[in-house]
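Look it over first, then read on.

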Amino acid sequence: MLLPRGSEAISPTGHYTGYVWVRNGLAPQELATPEGRVLFHALEPAMRVSRLLGRPTFEGLLVARHRMLDQLLSGAIERGEVGQVIEIAAGLSARGWRFTRRYDGLTYVEADLPRMAERKERLLDRLTGPAPRVTTVDALAIDGPSSVAALADTLDPDVGTAIVTEGLLNYFDLDTVTGMWQRFAAVLRRFPTGAYFADVVLRTHSDSLPQRLGAGLLAATVRSRVHVHFDAPADAAETLRKAGFPAADLIPPETTDPSARLIRIIDAWT
Ligand SMILES: C[S@@+](CC[C@H](N)C(=O)[O-])C[C@H]1O[C@@H](n2cnc3c(N)ncnc32)[C@H](O)[C@@H]1O
């Protein structure tokens with residue numbers, strides 16, 4: 001498969017995860033893509049073996065993280081702390097679509113690189129009823145029109161705001177992630193409350209996630225390294241605090257699926 005290097009090289013995994021959300025009733029059928037179906041079925045034999053041996057699978061890991069992120073975000077909305085959500089690298093996730101329908105008056109902006117954002121808009125057009133706003137953001141942009149800061153300028157400064165990233169952090173090295181967290185914290189400090197929810201894979205649990213999951217195809221498809229930054233949850237929390245989130249917890253997903261042991265969910269506040 002000939003794919004671009006760099007950030008755009010990560011996008012095929014968004015098709016895979018998009019297909020998993022549909023399979024698990026977390027997204028409408030309209031958001032499944034042929035690319036996602038092909039990738040899913042190519043990886044499935046390896047996942048079946050892993051499942052039979054009681055080991056982690058991508059599907060188990062993805063569903064565990066997706067549900068836990070839903071839980072943290074809905075808690076913040078229902079407590080009245082968050083009325084605006086920026087989901088960066090949203091890919092084909094249906095969270096924006098589901099939450100926009102579930103919570104009246106919630107502003108939900110989904111952002112991704114240009115090609116994925118265009119694709120998402122076209123897929124969402126197939127659905128009726130309320131939908132999230134879709135826009136282009138480069139999570140690595142320090143400033144300028146494609147930065148998170150520029151997107152935040154379009155929101156209401158008097159409403160509590162959350163940033164969500166899912167399935168993004170482990171594609172970038174530690175310096176890049178730290179810089180990104182500093183920019184997120186600076187943006188969120190402009191609002192009365194600011195929350196950051198994200199998933200992260202820890203080193204104690206995995207030196208090489210694709211290999212541990214027996215998923216060499218993923219490593220081949222994503223022609224960029226998967227980075228594992230932290231030995232323990234406390235290390236990640238400390239880095240988040242230094243980046244500008246004084247309250248930062250790393251929470252294990254609430255599930256008995258063995259896949260969930262590989263990840264933690266960031267619950268951080270400015
Ligand atoms: C593994 S997918 C996850 C998609 C979605 N969050 C989910 O869980 O289904 C990673 C996503 O990150 C996006 N991405 C990669 N680099 C990015 C960047 N620099 N800025 C914004 N999005 C980026 C890709 O286009 C892709 O949609």
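**The chain as a whole**

This is a predicted model. The protein chain has 10 helices and 7 strands. It counts 270 residues, and 57% of them are buried. The accessible surface of the chain comes to about 11,600 Å². Carbon and sulfur atoms own 51% of that surface. Consider the contacts in the chain with a separation of 6 or more: 73% of them come from residues 24 or more positions apart.

**The ligand and its shell**

How many residues surround the ligand? The count is 22. The closest are Ser11, Ala89, Asp112, Asp138 and Ala139. By class, the shell holds 11 nonpolar, 7 polar and 4 charged residues. Helix H1, residues 11-23, gives the largest share of the shell, with 5 residues.

| Side chain | Ligand atom | Distance |
|---|---|---|
| Thr17 | oxygen | 2.9 Å |
| Asp112 | oxygen | 2.6 Å |
| Asp138 | nitrogen | 2.8 Å |

Taken alone, the ligand exposes 590 Å². The protein buries 99% of that area.

The phi angle of Ala89 is near 60°, a positive value in a residue other than glycine. Is Ala89 buried or partly exposed? Ala89 counts as partly exposed, because its relative accessibility is 23% and the cut-off for buried is under 20%.

The largest nonpolar core has 36 residues. Within it, Trp181, Tyr196 and Ile266 touch the most other members. Several elements give two or more residues to this core: E1, strand E2 (107-112), helix H6 (148-152), helix H7 (174-188), strand E5 (194-201), helix H10 (233-243), strand E6 (247-251) and strand E7 (263-269). H7 supplies the largest share, 7 residues.

What does Tyr196 touch, leaving out residues up to four places away in sequence? Its partners include Trp181, Phe184 and Leu188. Leu240, Phe245 and Ile266 are also among them.

A second, separate core has 29 residues. Tyr16, Leu92, Leu127 and Val201 are among its members.

**Helix H4 and its neighbours**

H4 is mostly covered, with 6 of its 8 residues buried. Those buried residues are Arg95, Gly96, Trp97, Arg98, Phe99 and Thr100. They pack against helix H3 (58-78), E1, E2, helix H5 (114-124) and strand E4 (161-165).

Asp70 is found in helix H3. It counts as buried because its relative accessible area is 9%, and buried means under 20%. Beyond the residues up to four places away in sequence, Asp70 touches Arg95, Arg98 and Phe99. With Arg98 there is also a polar contact: the two side chains are joined at 2.8 Å.

Arg98 has a further partner in Leu26. Leu26 is found in the loop between H1 and H2. Leu26 is buried, with a relative accessible area of 8%. Setting aside neighbours within four places in sequence, Leu26 is in contact with Trp21, Val63, His66, Arg67, Ala94 and Arg98. Leu26 and Ala94 are 68 residues apart along the chain, yet their C-alpha atoms are separated by 6.9 Å.

**A residue on helix H2**

His41 lies in helix H2, residues 34-52. Where does its accessibility put it, buried, partly exposed or exposed? At 46% relative accessibility, His41 counts as partly exposed, because exposed means over 50%. His41 and Tyr16 are 25 residues apart in sequence. In space they are 9.5 Å apart, C-alpha to C-alpha. Tyr16 is one of the residues of the second core.

Definitions and conventions
Residues are numbered from 1 along each chain as its sequence is written. This is a predicted model: local features need pLDDT of at least 70, side-chain atom pairs count only at pLDDT 80 or more; totals for chains, interfaces and linings use all residues. Side-chain values use heavy atoms; hydrogens and water are left out. A residue is near a molecule or strand if one of its heavy atoms lies within 4 Å of it. A polar contact is a pair of N or O atoms within 3.5 Å; within protein, one must be able to donate a hydrogen and the other to accept it, and residues adjacent in sequence count only if both atoms are side-chain atoms. Accessible areas come from the Shrake-Rupley method with a 1.4 Å probe; for residues, only the protein chains shown count as cover. Helices (H or I, at least four residues) and strands (E, at least two) are DSSP runs, numbered from the N terminus. Ala, Val, Leu, Ile, Met, Phe, Trp, Tyr, Cys and Pro count as nonpolar, Asp, Glu, Lys and Arg as charged, and the others, Gly among them, as polar. Buried means under 20% relative accessible area, exposed over 50%, partly exposed in between (1.4 Å probe, protein chains only). Contact means heavy atoms within 4.5 Å. A nonpolar core is a set of buried Ala, Val, Leu, Ile, Met, Phe, Trp, Tyr and Cys residues joined through side-chain atoms within 4.5 Å.
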